[in-house]
Amino acid sequence: MNAYSGKSPDHLTINVTRRDDPVSEVREADAFASVRKYPNIVVRGPLFGLAEQRRGDRPRWRMVGELDTGFPQLARDELNSHLWFMARDETEDPAVRRSLLAAVAQLETRPVNEVTADGVRYRVVRADEFARIGDGRLEPPRATDPDEDSWDLATEDPCAAEGFVLDHAAAVGLAEGIDRAGLASLSYTADRFPENVRADSQRALTSHPGVVLLPAVFRVVERKESSWTMVTGQYATPQGARRALVHHLTRPVPRLEDLPGITELPDWMKVDEKEAELRARAAKKFAARRRPNELLLRGRRYDVVRVERVMRIGPDGPEKPRPSDVDDYGPSQIHPLMDEHGNITYD
């Protein structure tokens, strides 16, 4: 900090502000109580998504879509599609379309993590997913987390990260300020992480010393003897995760004849009629309760848990993928060729 005279740069500033309204006070009290009850954290690993920086927004960035993919290339492909559909649907200006398609061409041929199109910077960004733990239990949803009560499985869950502003210097409450200060030194140290992963994690403490917490999301996990297995993806509300558990328990089992090339179902899909009826009854009882967060079924325990994402911030904004973040495949052409006038060539 001594290297900076006067005002600290935004990526090193945590601006803690007390809010006197009753809702904020209740939320602060809930956060402090949760941290006392679940004092430790379990890091699952990195997630990747997209952020953009438009003219006049600097140094702030804004999330585009959700942050929920496990590989950088999946986020690059998402950006590829985002720009391609913008070129097709959102402009009639040939110059703008050329700029968008030039960025698409880069993403088709190289694993780039940032492109500029029509004056907007787009970046593949990285965050670490973690959950809080206490007395061997992962933290459930908090009473103050936004929630709803619909059990309609067709209900569309909102996107938690869409439009979220990545502003390290934005005012936050006392609980979040203390939380972020504690997370600033978070790095991978366990032996289960490869040496290059641990080294990149240590470097990030210096290259991206700031941290921002994204909105919490919720998952269903199955608790094992000494670990947890994810059952669902992430949802913006606890109720979204609860609906996903009901769907998990009641979804129809596909028939082998409907699965080309499959000669045997994996174990997790092998459900006989008796088991299916048992699961359906358990799901019905679960859905009859208001905002339940656990389900016991024949010795198996399912928990709705609260998941957080912490993103590191440096002088130029949110952290990109690290060299040790691996991909299963590389860039490729995803969409047909398009010219500056919007004409599409299908090959």
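Modeller: Strands here are DSSP runs (E, at least two residues), numbered from the N terminus. This is a predicted model, where local features need pLDDT of at least 70, side-chain atom pairs count only at pLDDT 80 or more, and totals for chains, interfaces and linings use all residues. Residues are numbered from 1 along each chain as its sequence is written, and side-chain values use heavy atoms, with hydrogens and water left out.

Colleague: Is Ile-14 buried, partly exposed or exposed?

Modeller: Buried means under 20% relative accessible area, exposed over 50%, partly exposed in between (1.4 Å probe, protein chains only). Ile-14 has 31%, so the residue is partly exposed.

Colleague: What about Ile-334: which class, and why?

Modeller: Ile-334 sits in the loop between β14 (317-318) and β15 (337-338). Its relative accessible area is 36%, so Ile-334 is partly exposed.

Colleague: How far apart in space are Ile-334 and Arg-60?

Modeller: In sequence, 274 residues separate Ile-334 and Arg-60. In space, C-alpha to C-alpha, the distance is 30 Å.

Colleague: What is the volume of the largest cavity?

Modeller: A cavity is a set of points on a 1 Å grid over the protein atoms alone, where a 1.4 Å probe fits but cannot get out. The whole structure has one cavity of 30 Å³ or more. Volume is the space filled by probe spheres set on the points, joined across faces, edges and corners. For the largest cavity it is about 40 Å³.

Colleague: Which residues line the largest cavity?

Modeller: Lining residues have an atom within 4 Å of a point. The lining holds Asp-128, Leu-183, Leu-186, Ser-201, Val-310, Arg-312 and Arg-322.

Notes. On a 1 Å grid over the protein atoms alone, a cavity is a set of points where a 1.4 Å probe fits but cannot get out, and a pocket is an open set with protein on both sides within 12 Å along at least five of seven lines; lining residues have an atom within 4 Å of a point. Helices (H or I, at least four residues) and strands (E, at least two) are DSSP runs, numbered from the N terminus.
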